[in-house]
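Colleague: I have the coordinates open and a few questions ready. Shall we take them one by one?

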Amino acid sequence: MSVSMEKIVSLCKRRGFIFQSSGIYGGINACYDYGPLGVELKNNVKAFWWKSMVYDNDNVVGLDAAILMHPKVWEASGHVAGFTDPLVDCKVCKQRFREDEIDPEKLKIRQCPKCGNKGSLTEARQFNLMFKTNMGPVEDSSSQIYLRPETAQGIYVNYKNVLETSRQKIPFGIAQIGKAFRNEITPGNFVFRTREFEQMEMQYFVKPGNDQEAFEEWKEKRKNWYRALGIRQENLRFHEHQGDELAHYAKAAFDIQYNYPIGWKELEGIHNRTDFDLTRHQEYSGKDLTYFDDVNRERFIPYIVETSAGVDRTLLTCLVDGYAEEELENETRTVLRLAPHVAPVKAAVFPLVKKDGMPEMARKIHQELKKLFNVFYDETGAVGRRYRRQDEAGTPFCITVDSQSLQDDTVTLRDRDSMEQERLPIAGLGHELEKKIRTGE
Ligand code: GAP
């Protein structure tokens with residue numbers, strides 16, 4: 001990988017993709033705010049996921065469950081007992097670490113990875129990653145609830161509601177996008193691991209015995225989705241979880257990993273959760289969560305195949321994968337090669353110079369195109385500088401009104417990646433661009 005995380009962080013700050021949360025107060029660790037370009041990119045990623053999961057699959061429907069849930073949900077799910085990381089403290093520098101992230105050689109002699117003191121690390125204790133809060137005015141243990149650490153449970157507790165109202169039959173899926181919170185011991189690497197993040201999860205309910213086939217099908221579908229998102233295939237691979245790596249609910253799990261500047265890391269998890277979750281919720285709630293198959297006249301608790309992606313991590317992947325610095329004649333250009341359909345701004349409109357009626361014509365084009373997608377108007381500075389600004393923002397197309405435009409009602413259309421320009425009539429420009437944005441031509 002050629003791009004460093006520092007370059008991505010710097011571009012994000014400079015261009016208004018991502019800011020440190022509460023920056024004027026010195027920031028709050030591992031929380032980030034998305035600026036004007038960031039929120040567009042994020043919304044586009046989420047909309048593309050929603051389209052691919054819900055609109056493109058007749059048997060997948062959507063849901064938006066509350067973040068705050070009955071605390072028993074997290075007992076049933078196993079999170080109260082088992083959603084923990086082993087935490088060790090350094091008695092000298094007071095730094096905290098996840099035990100499983102410390103170099104085994106250093107761990108043997110209890111050497112602190114930060115200050116280097118030997119024998120300074122405490123024994124590990126299990127640290128629960130769920131954020132606790134209180135519901136209502138009384139702050140005692142009976143009012144304690146959690147900020148959800150995954151969106152999945154909101155789907156499980158609604159599975160019967162959805163089944164009964166959407167007329168779906170097994171196999172069918174429920175998709176959801178929403179915030180999740182984890183009090184991570186070692187957050188970091190920008191938005192890769194944060195304490196507040198967003199997930200895009202789909203839970204697919206199948207007949208026991210058909211789970212392996214569904215698992216394989218979704219594994220492939222999800223990897224292909226990243227290709228359609230514009231991510232280079234050579235930077236994606238599967239990683240199979242084995243032994244201790246498997247979560248408490250999973251029979252089988254594969255990560256889709258991406259080759260980040262920090263190495264190959266998980267981008268999305270695909271899990272065969274068996275009937276673990278519904279069985280537990282049936283037990284803890286006392287409600288019947290079985291499914292009746294009226295063709296075969298049999299009753300069972302469905303198995304669940306889950307696809308679980310992080311919005312923030314996907315966005316980071318788009319930025320890392322798209323970032324390039326290119327040597328031109330007298331300068332280096334930074335360009336974000338985002339797929340046109342996820343790019344924050346689809347096109348920028350410029351008058352070549354700020355006179356002779358060019359700004360008026362350019363503004364008119366801008367007004368028309370705005371009806372179709374997100375367009376930016378810019379008339380300040382040399383046109384070359386304006387192109388560079390859009391390259392950095394990932395804008396796939398720039399439209400320039402020049403003196404010829406005034407005579408023949410055509411404009412130049414510049415392509416971000418090839419930097420080639422073609423001349424197109426203004427009439428039908430929106431339609432042409434829509435085609436290019438959709439197919440990524
Ligand atoms: N429901 C299953 C589940 O939550 P996970 O592997 O713990 O599985 C799924 O999380 C995805 O959520 C990850 O692949 C990652 O993209 C995202 N994710 C998890 N923890 C995160 C964090 N602290 N910061 C950012 N994204 C995170």
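Colleague: Which residue follows H12, and what is the value of its phi?

Modeller: This is a predicted model, so keep that in mind throughout. Helix H12 covers residues 383-393. The residue after H12 is Gly394, and its phi is positive, near 85°.

Colleague: Which residues of helix H12 are buried?

Modeller: An α-helix has 3.6 residues a turn, so residues three or four places apart point the same way. Buried here means under 20% relative accessible area. In H12 the buried residues are Val383, Arg386, Tyr387, Gln390, Asp391, Glu392 and Ala393.

Colleague: Now the whole protein. What share of its residues counts as buried?

Modeller: The protein has 14 helices and 23 strands. Its C-alpha trace spans about 75 × 65 × 50 Å along the principal axes. Of the 441 residues, the share that counts as buried is 51%.

Colleague: How far is the polar side-chain atom of Glu150 from a nitrogen atom of the ligand?

Modeller: A polar contact needs N or O atoms within 3.5 Å. Glu306 places a side-chain N or O atom 2.7 Å from a ligand nitrogen. For Gln199, a side-chain N or O atom is 3.0 Å from an oxygen atom of the ligand. For the polar side-chain atom of Glu150 and a ligand nitrogen, the distance is 2.6 Å.

Colleague: What percentage of the area that the ligand exposes when taken alone does the protein bury?

Modeller: Taken alone, the ligand exposes 550 Å². The part of that area buried by the protein is 93%.

Colleague: How many bridges join S10 to S16?

Modeller: Two pairs of residues place S10 against S16. Val206 stands opposite Tyr303 in S16, and Gln199 stands opposite Gly310. S10 and S16 run antiparallel, and the number of bridges is 8.

Colleague: What is the bridge partner of Asn272 in S16?

Modeller: S13 and S16 also pair in the antiparallel sense, over 6 bridges. In S16, the partner of Asn272 is Val305.

Colleague: How many residues of S16 are buried?

Modeller: In a regular strand the side chains alternate between the two faces of the sheet. From S16, Tyr303, Val305, Thr307 and Ala309 point one way, and Ile304, Glu306, Ser308 and Gly310 the other way. All of these are buried. The count for S16 is 8 of 8.

Colleague: In the open sheet of 3 strands, what is the average twist from one strand to the next?

Modeller: The order is S5-S4-S6, with antiparallel pairing. Strand S5 (96-98) and strand S6 (125-128) are the edge strands, each pairing on one side only. The average twist from one strand to the next is 50°.

Colleague: In S6, what is the bridge partner of Pro86?

Modeller: Strand S4 (residues 84-89) pairs with S6 in the antiparallel sense over 4 bridges. The S6 partner of Pro86 is Gln126.

Colleague: Last one. Is Glu234 buried or exposed?

Modeller: Glu234 lies in the loop between helix H8 (211-228) and strand S11 (236-240). Glu234 and Asn259 are 25 residues apart in sequence and 8.6 Å apart in space, C-alpha to C-alpha. The relative accessibility of Glu234 is 55%, so Glu234 counts as exposed.

Key
Residues numbered from 1 in each chain as written. Predicted model: local features only at pLDDT ≥ 70, side-chain atom pairs only at ≥ 80, totals over all residues. Heavy atoms only, no water. Polar contact = N/O pair within 3.5 Å; in protein donor to acceptor, adjacent residues only side chain to side chain. Areas by Shrake-Rupley, 256 points an atom, 1.4 Å probe, with all protein chains shown as cover. Pairing = 2+ DSSP bridges. Axes fitted to C-alpha atoms, helices over the stretch in contact; angles between N-to-C directions. Buried < 20%, exposed > 50% of the residue type's maximum accessible area, 1.4 Å probe, protein only.
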